[in-house]
Amino acid sequence: MEPDKFNFTDEEFLSVLNIMLKIDAPITGEFIPLDSLDSEFKLHGLDSLGVLVFFTWIVDLFGISESTMDNFTEDQNFTVRAVKEFITREATQTYCYADIQKHIKGDYFGEVS
């Protein structure tokens, strides 16, 4: 395994996305986790700050430039699979799944199904 190559399984990727989305979800709203890579990736449940924080996580975790991320998010209709493919293609750094658990408030892992 290359340590700097993004290679999460589909299940690991969904888990990480769900944790990031749950952390940023409004307290008053019901959080509905993503359950498939073919799901439409909707950020409408997040307020504008939540969307900014979510994409800041992606940029920080995977070493993707903000301009590259901005170009990707111009089309606001994409699937979870498209996000994973984008990260796979553009990541300049990554962590193993266990490191991500530590980086993103490890105590959240296991709470989202």
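1. Buried means under 20% relative accessible area, exposed over 50%, and partly exposed in between (1.4 Å probe, protein chains only). Lysine 22 is partly exposed, at a relative accessible area of 29%. Helix H1, residues 10–24, holds lysine 22; helices here are DSSP runs (H or I, at least four residues), numbered from the N terminus. Between lysine 22 and proline 33 there are 7.9 Å in space, C-alpha to C-alpha, and the two are 11 residues apart in sequence.

2. This is a predicted model, in which local features need pLDDT of at least 70 and side-chain atom pairs count only at pLDDT 80 or more, while totals for chains, interfaces and linings use all residues. Residues are numbered from 1 along each chain as its sequence is written, and side-chain values use heavy atoms, with hydrogens and water left out.

3. Lysine 84 belongs to helix H4, residues 80–90. Lysine 84 is buried, with a relative accessible area of 13%. Its side chain reaches the backbone oxygen of phenylalanine 8 at 3.0 Å. Beyond its neighbours within four places in sequence, lysine 84 is in contact (heavy atoms within 4.5 Å) with residues including Phe6, Phe13 and Leu37.

4. Helices H2 (residues 48–62) and H3 (residues 66–73) pack at about 130 degrees, their axes 10 Å apart. That makes H2 oblique to H3; angles under 35 degrees count as roughly parallel, over 145 as roughly antiparallel, 65 to 115 as roughly perpendicular, and the rest as oblique. Axes are lines fitted to C-alpha atoms, for helices over the stretch in contact, and angles run from 0 to 180 degrees between N-to-C directions.

5. Phe55, Ile58 and Val59 of H2 meet Glu66, Met69 and Thr73 of H3.

Note on methods. Helices (H or I, at least four residues) and strands (E, at least two) are DSSP runs, numbered from the N terminus. A polar contact is a pair of N or O atoms within 3.5 Å; within protein, one must be able to donate a hydrogen and the other to accept it, and residues adjacent in sequence count only if both atoms are side-chain atoms.
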